Amino acid sequence: MLDESEFEQMLIELMFGHDAMERGQPEAEAYRSALDIYEEFTGLRETNIRALYHHRIAMYGPPCERCGKPLRTPAARFCAACWHPVREPGQKFVDRVSPRVWITFHAMQGRKRGA
Ligand SMILES: [Zn+2]
């Protein structure tokens, strides 16, 4: 699981990977850098690119009081694993990224339009 700073670094690498694939690079090669960063942060070698988008701590809630598994969302009203009710549900997860990610994204889009 990645914190927000780690997730954004990986997200930028995923965007570069997507861009490289659009330019014809094979998937395994295009996303190698994103997978490397994920491994660097977690110590685990993920092979499924799509799974990387879900390894973000902010998407989940705190551990369940009964079983200890993370709640499926910060706003969960009960634990999906053991059905234990949550006394004080948190706020809904809002998908936000820093300006750094948007700057990279728009730079890529501008380059594509200019190409
Ligand atoms: Zn539970």
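1. Confidence in this predicted model, expressed as pLDDT (the predictor's confidence in each residue, from 0 to 100), is highest in helix α3 of the protein chain, at a mean of 96, and lowest in helix α5 (residues 99–114), at 82. The mean pLDDT of the protein chain is 91, with 98% of its residues reaching 70 or more.

2. Because the model is predicted, local features need pLDDT of at least 70 and side-chain atom pairs count only at pLDDT 80 or more, while totals for chains, interfaces and linings use all residues. Residue numbers start from 1 along each chain as its sequence is written.

3. As to secondary structure, the protein chain has five helices and zero strands, in the order α-α-α-α-α from the N terminus on. Here helices (H or I, at least four residues) and strands (E, at least two) are DSSP runs, numbered from the N terminus.

4. On overall dimensions, the C-alpha trace of the protein chain spans about 55 × 25 × 20 Å along its principal axes. The radius of gyration of the protein chain is 17 Å, whereas a compact globule of 115 residues would have one near 13 Å; the radius is taken over C-alpha atoms, and the globule rule is 2.2 Å times the number of residues to the power 0.38.

5. Of the 115 residues in the protein chain, 14% are buried, where a residue is buried if 20 or more other C-beta atoms lie within 10 Å of its own, exposed if 12 or fewer, and partly exposed in between, with C-beta atoms placed from the backbone. Among contacts between residues at least 6 apart in sequence, 32% join residues at least 24 apart, a contact requiring that the two C-beta atoms, placed from the backbone, lie within 7 Å.

6. Helix α3 (residues 32–42) has Ala34, Leu35 and Tyr38 as its buried residues. Seen down the axis of α3, these fall within an arc of 95°, so they line one face of the helix; the arc is that of the directions from the helix axis to the C-beta atoms. The cover over the buried residues of α3 includes α1 (4–22) and α4 (49–52), while the face turned away from the buried side carries the exposed residues Glu39 and Glu40.

7. Two backbone angles deserve a mention. Just after α3, glycine 43 takes a positive phi of about 85°. Tryptophan 83, in the loop between α4 and α5, has a positive phi of about 65° although it is not a glycine, and this tryptophan 83 is exposed, with 10 other C-beta atoms within 10 Å.
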